[in-house]
Amino acid sequence: MSNKLYKGTLTNVVLKLLHENGRMYGYEITKKTKEQTNGGFTITEGALYTILHKLEAEEVLEVEFEMVDGRTRKYYKLSEKGEKEAVVKIEELKAFIQNLSGFLNPKSA
Amino acid sequence: MKVTLNKEQLHHISKYIKARGVSYTDVNAEMTDHIASEVEAFMVTEEVNFFEVVKKVFLKYDRFHFMRIEEEQKNKLEKQSWKSFKNGFLGFFSFPKIVFTLCLFFALYKLVTLGAIVYIGYFYCLFVCVLGVFLYYFKRKILGKGTYLQLAKFHWILSIAINIGIQTMLGVQNLFGMTNPWLSSALSTLMYLFVFIAIELYRNEFRKMSIKYV
């Protein structure tokens, strides 16, 4: 499936995952996305870290460093501002999907 | 069974990422962790050579992938440093700090007009020498070697700082040919103010780092 379709929703996906799972690290986010969509949706590492670093700079995300298996792991979690933003974005995403579904299936709507 | 990479293997990945243009330590650490996690996942499912797997994983990324992340981090840090400077600068303008600055200004003004400023640094040096000799002969046993050295170092650094401060102030006066004590005191106070802001900024950065690296 074309990744262009997903591009605009990547930030919302990351926010939703962090909202549900608390703190997560980069690789975990890519793995979780793949698992939850049965491989239908994969976030490329380039796109993921661009989003994570941007959200960190905007103070939507907070970071924590921890030593795991002999290496430094960077965990991301939603800040107070991020929690509020995540709720709004998830609602927006749901509304968008509902509208799109209504558009694609006019009879069922 | 979970596979965990050893120190040498992690070092190999980190070196590889560095060779691809990632010089920031935290970006390198994050990328190393990501690649290492991928390599470990591969090694669980297939019994393969570590170097082969690393090669395979790196093939996924185009040549500029790591450089792009590095560039983004650079831009982010530039924005953050400007923001911290702005916050540090504005943070100075609070009630106790302004009162302290005004007191410092008037103290400097008084010292300049009395002509005593040149001698203060030398008096402090003399005091430190006497104190040093006193501590060395009488208190060393009580304080212990480490504490004595710490105390001596602190006073010597303070003495140097005071002397540099006074010499800078006199330098400012000479440089601008200022005979007006108000103006030279104000300029010197301003210099101390900037030094204070710089120290505050560093202190904040170190505090943030110690929170991050728990």
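A residue counts as buried here if 20 or more other C-beta atoms lie within 10 Å of its own. Keep that cut-off in mind for this predicted model. By that test, the buried residues of helix H5 of chain A are A:Gly82, A:Glu85, A:Ala86 and A:Lys89. Across chain A, buried residues make up 25% of the 109 residues. Chain A also touches chain B: 19 residues of chain A are in contact with 23 residues of chain B.

- The predictor gives the complex an ipTM of 0.85 and a pTM of 0.61.
- Chain B has a mean pLDDT of 71, and 50% of its residues reach 70 or more.
- Within chain B, confidence is highest in helix H1 (residues 7-19), at 91.
- Confidence in chain B is lowest in helix H6 (residues 117-143), where the mean is 60.
- Over residues 210-214 of chain B, pLDDT stays under 50. For that stretch, the model has six contacts beyond four places in sequence.

**The layout of chain A**

- Chain A has five helices and three strands.
- Along the sequence, these elements follow the pattern α-α-β-α-α-β-β-α.
- Take the contacts in chain A between residues at least 6 apart in sequence: 47% of them join residues at least 24 apart.

**The sheet of chain A**

- Three strands of chain A form an open sheet, in the order S1-S3-S2. Their pairing is antiparallel.
- S1 (24-25) and S2 of chain A stand at the edges, each with a single partner strand, so one side of each has no neighbour in the sheet.
- What holds strands of a sheet together? Strands pair through backbone hydrogen bonds, either parallel or antiparallel.
- S2(A) and S3(A) run antiparallel and are joined by eight bridges.

**A:Glu62, a residue in the sheet**

- A:Glu62 is found in strand S2 of chain A. Opposite A:Glu62 stands A:Lys77, in S3(A).
- Is A:Glu62 buried or partly exposed? A:Glu62 has 18 other C-beta atoms within 10 Å, so it is partly exposed.
- Leave aside the neighbours within four places in sequence, and A:Glu62 is in contact with A:Lys77 and A:Ser79.
- A:Glu62 and A:Tyr75 are 13 residues apart in sequence. In space they are 8.3 Å apart, C-alpha to C-alpha.

**Helix H5 of chain A**

- H5(A) covers residues 80-104, which is 25 residues.
- At 1.5 Å a residue, H5(A) should span 36 Å. Its end C-alpha atoms are 37 Å apart, which agrees.
- What do the buried residues of H5(A) pack against? They pack against helix H2 (10-21), S2 and S3 of chain A.

**Two loop residues with positive phi**

- Most residues other than glycine have a negative phi.
- A:Glu59 is not a glycine, yet has a positive phi of about 65°. A:Glu59 is found in the loop between H4 and S2 of chain A.
- A:Glu59 is partly exposed, with 13 other C-beta atoms within 10 Å.
- A:Asp69 is not a glycine either, and has a positive phi of about 50°. A:Asp69 is found in the loop between S2 and S3 of chain A.
- A:Asp69 is partly exposed too, with 15 other C-beta atoms within 10 Å.

**The side of chain A that touches chain B**

- H4(A) gives the largest share, six residues.
- By class, this side of chain A has six nonpolar, six polar and seven charged residues.

**Helix H1 of chain B**

- H1(B) has 13 residues and reaches 18 Å from its first C-alpha to its last. That is close to the 18 Å expected at 1.5 Å a residue.
- B:Leu10, B:Ile13, B:Ser14 and B:Ile17 are buried in H1(B).
- An α-helix has 3.6 residues a turn, so residues three or four places apart point the same way.
- On the other side of H1(B), B:Glu8, B:Lys15 and B:Ala19 are exposed.
- B:Gly21 follows H1(B), with a positive phi near 100°.

How values were computed:
Residues numbered from 1 in each chain as written. Chains lettered and ligands numbered in written order. Predicted model: local features only at pLDDT ≥ 70, side-chain atom pairs only at ≥ 80, totals over all residues. Contact = placed C-beta atoms within 7 Å. Helix = DSSP H or I, 4+ residues; strand = E, 2+ residues; numbered from the N terminus. Nonpolar A, V, L, I, M, F, W, Y, C, P; charged D, E, K, R; others polar. Expected span 1.5 Å × (residues − 1). Buried ≥ 20, exposed ≤ 12 C-beta atoms within 10 Å, placed from the backbone. pLDDT = per-residue confidence, 0-100. Pairing = 2+ DSSP bridges.
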